[in-house]
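Please read them with the structure open.

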Amino acid sequence: MIVRKSPAEIEFMARAGKVIARLHEVLRDAVAPGVTTAQLDEISARELRAANAVPSFLGYGGTAGRPPFPATLCTSINAEIVHGIPSPRVILRAGDLIKIDAGAIVDGYHADSAVTWIVGGDDSVASEVRDLVARTRSGLWAGLSRAAPGNRLGDISAAVQSHADPHGYGVVREYVGHGIGRALHE
């Protein structure tokens, strides 16, 4: 189900989105060989506090037999897809792919986005990895170009799929995202 938002609610969400966009810029500059994912999480917590935002993920969930999420960020390395937990034992190396998922609550509304970076820059990986990152980013933009009034959610996913197929890339089907608003998952 899609929860419709008023223009005022969209503006609240945009404010939270600006906090996350700024956080991703700070984290991009911090990603380097030798940095731990726990250090990135500490930076995130500090930046969110400075922006008067609350982390969306810290303490999220928790059900019988499953503890709440213990960190501010999700950090996933290389073949991990999403929702990795930051750790002082996970040390970034040149050539790693790091996916950072960040969320914040500002004035009661969530923002949530993920980015992928090559640790050590493009020159630290094979051309196939550079191509993967570049082509998946352009696949994202292909999908976003279909996010328009009158289109369906399936139009977005079809655009991503049609961009991935010619390159022989697969699309994750078990976890396909979510909406945001007053709740982290709408």
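1. Arg 28 has a relative accessibility of 43%, so it counts as partly exposed. Its side chain meets that of Asp 29 in a salt bridge, with N and O 3.5 Å apart. Asp 29, at 60% relative accessibility, counts as exposed because the cut-off for that class is over 50%. Note that this is a predicted model, and the distances here should be read as such.

2. The count of salt bridges comes to six. One of them joins the side chains of Glu 25 and Arg 22, at 3.4 Å from N to O. These two residues lie three apart in helix α1, which means that about one helical turn separates them. Glu 25 has 36% relative accessibility and therefore counts as partly exposed. Arg 22 falls in the partly exposed class too, at 47%.

3. Which residue forms a salt bridge with Arg 15? The partner is Asp 107, and the closest N and O atoms are 3.5 Å apart. This pair links distant parts of the chain, as Arg 15 belongs to helix α1 and Asp 107 to the loop between β3 and β4, 92 residues apart. Arg 15 is partly exposed, with a relative accessibility of 37%. Through shared partners, salt bridges join Glu 11, Arg 15 and Asp 107 into one network.

4. The length of α1 agrees with expectation: its 24 residues should span 34 Å at 1.5 Å a residue, and the end C-alpha atoms are 35 Å apart. Buried residues of this helix include Met 13, Ala 16, Val 19, Ile 20 and Leu 23. His 24, Val 26, Leu 27 and Ala 30 are also buried in α1. The buried residues of α1 pack against α2, β2, β3 and β4.

5. The largest nonpolar core has 24 residues, and those touching the most other members are Leu 27, Val 31, Leu 40, Leu 92, Ile 98 and Ile 100. Two or more residues come from each of α1 (7–30), α2 (37–50), β2 (73–77), β3 (97–106) and β4 (109–118). Which element gives the largest share of this core? That element is α1, with seven residues. As background, nonpolar side chains in soluble globular proteins tend to be buried together.

6. Ile 100 deserves a separate look. Leaving aside neighbours within four places in sequence, Ile 100 is in contact with His 24, Leu 27, Val 31 and Leu 40, among others. Its contacts also include Leu 73, Cys 74 and Thr 75. Ser 113, Ala 114, Val 115 and Trp 117 complete the list of residues in contact with Ile 100.

7. Val 82 is placed in the loop between β2 and β3. Is Val 82 buried or partly exposed? At 31% relative accessibility, Val 82 counts as partly exposed.

8. Helix α4 (residues 153–164) has 12 residues and reaches 17 Å from its first C-alpha to its last, close to the 16 Å expected at 1.5 Å a residue. In α4, Ala 159, Gln 161 and Ala 164 are buried. The cover over these buried residues includes α3 (127–145).

Terms used
Residues are numbered from 1 along each chain as its sequence is written. This is a predicted model: local features need pLDDT of at least 70, side-chain atom pairs count only at pLDDT 80 or more; totals for chains, interfaces and linings use all residues. Side-chain values use heavy atoms; hydrogens and water are left out. A nonpolar core is a set of buried Ala, Val, Leu, Ile, Met, Phe, Trp, Tyr and Cys residues joined through side-chain atoms within 4.5 Å. Buried means under 20% relative accessible area, exposed over 50%, partly exposed in between (1.4 Å probe, protein chains only). Helices (H or I, at least four residues) and strands (E, at least two) are DSSP runs, numbered from the N terminus. Contact means heavy atoms within 4.5 Å. A salt bridge is a side-chain nitrogen of Lys or Arg within 4 Å of a carboxyl oxygen of Asp or Glu. The expected span of a helix is 1.5 Å times one less than its number of residues.
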